[in-house]
Amino acid sequence: MLELRDVTAGYVRKAPVFQGVSLTVRPGQAVGLLGPSGCGKSTLARVAALLHHPDAGTLVVDGTPVRRWRHRAPRAQRTAFGVVFQQARLSADPRLTLTDLIAEPLRATGRREGVGGRVAELAATVGLTADLLGRRPHEVSDGQLQRACLARALVLRPRWLVCDEMTAMLDASTTAALVRVVEDYRAETGAGLLAVGHDRVLLDRWCDRTVEWHTLTGTPTGTPTGTPTGP
């Protein structure tokens, strides 16, 4: 289970983006988090994925409280998550080919055996043809790059997926394709999903339940908090 308990987080001391937020995602469950741009939902997603240390509160992953964050977190907790951000170009190293981008988590965790086969498998899964894999981010479309970023998120076979506005900048056909990939992966592995977005129709169709941001924080709908986006 993924549990956020009474979490407060922000980027400036004594100026939290949100306070006292609690949210639970059960294994195999897809939870949508709905809110307007700038409300703080991306910050919550980063906390949930161990990418941002909260100011207060507790994050529990599979029954174990998180004590360390980002690269200091234990590998077992760190690699339990796959994350896809809204802006693929901000989350992709422009020097890497798509092959290296997808393989990056494998190499970072010392799992070098079978890299080529795993990359080829995932490229096919997300709809990337072989001729694209040798290209760098500036040589592919936004949709193609986001497909590579999704493959990267899946490469370590995570138990939890966090998709932060994953499809916000994509056309309808690419959106449908990537959502289908996520759902196929979840059906195969039983992974849980936190999907953050502002499109109620998409979240309601995609997720088992949709939680509105203002019900977690008591903040009136449409009140922005200046939350940064991207990795």
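Trainee: How are H4 and H6 oriented, roughly parallel or roughly perpendicular to each other?

Mentor: Please bear in mind that this is a predicted model. One reads the orientation from the angle between the axes, and angles under 35 degrees count as roughly parallel. Here the axes of helix H4 (residues 98-108) and helix H6 (residues 142-154) cross at roughly 25° and come within 8 Å. H4 and H6 are therefore roughly parallel to each other.

Trainee: In which hand does H4 pass H6?

Mentor: The crossing of H4 with H6 is right-handed.

Trainee: Which residues of H4 and H6 meet?

Mentor: From H4, Leu 98, Leu 101, Ile 102, Glu 104 and Pro 105 take part; they meet Leu 145, Ala 148, Cys 149, Ala 151 and Arg 152 of H6. Sorted by class, this contact of H4 with H6 comprises eight nonpolar and two charged residues, with no polar ones.

Trainee: Let us turn to the backbone. Which phi value does Leu 50 have?

Mentor: Its phi is positive, near 70°, in a residue other than glycine. Leu 50 is placed in the loop between helix H1 (41-48) and strand E4 (56-61).

Trainee: Is Leu 50 buried or exposed?

Mentor: A residue counts as buried under 20% relative accessible area. Leu 50 has a relative accessible area of 1%, so Leu 50 is buried.

Trainee: Where does Asp 6 lie?

Mentor: Asp 6 belongs to strand E1 (residues 2-12). Although Asp 6 is not a glycine, its phi is positive, at about 50°.

Conventions
Residues are numbered from 1 along each chain as its sequence is written. This is a predicted model: local features need pLDDT of at least 70, side-chain atom pairs count only at pLDDT 80 or more; totals for chains, interfaces and linings use all residues. Side-chain values use heavy atoms; hydrogens and water are left out. Helices (H or I, at least four residues) and strands (E, at least two) are DSSP runs, numbered from the N terminus. Buried means under 20% relative accessible area, exposed over 50%, partly exposed in between (1.4 Å probe, protein chains only). Axes are lines fitted to C-alpha atoms, for helices over the stretch in contact, and angles run from 0 to 180 degrees between N-to-C directions. Angles under 35 degrees count as roughly parallel, over 145 as roughly antiparallel, 65 to 115 as roughly perpendicular and the rest as oblique. A crossing is left-handed if the near helix is turned anticlockwise from the far one by less than a right angle, and right-handed if clockwise. Contact means heavy atoms within 4.5 Å. Ala, Val, Leu, Ile, Met, Phe, Trp, Tyr, Cys and Pro count as nonpolar, Asp, Glu, Lys and Arg as charged, and the others, Gly among them, as polar.
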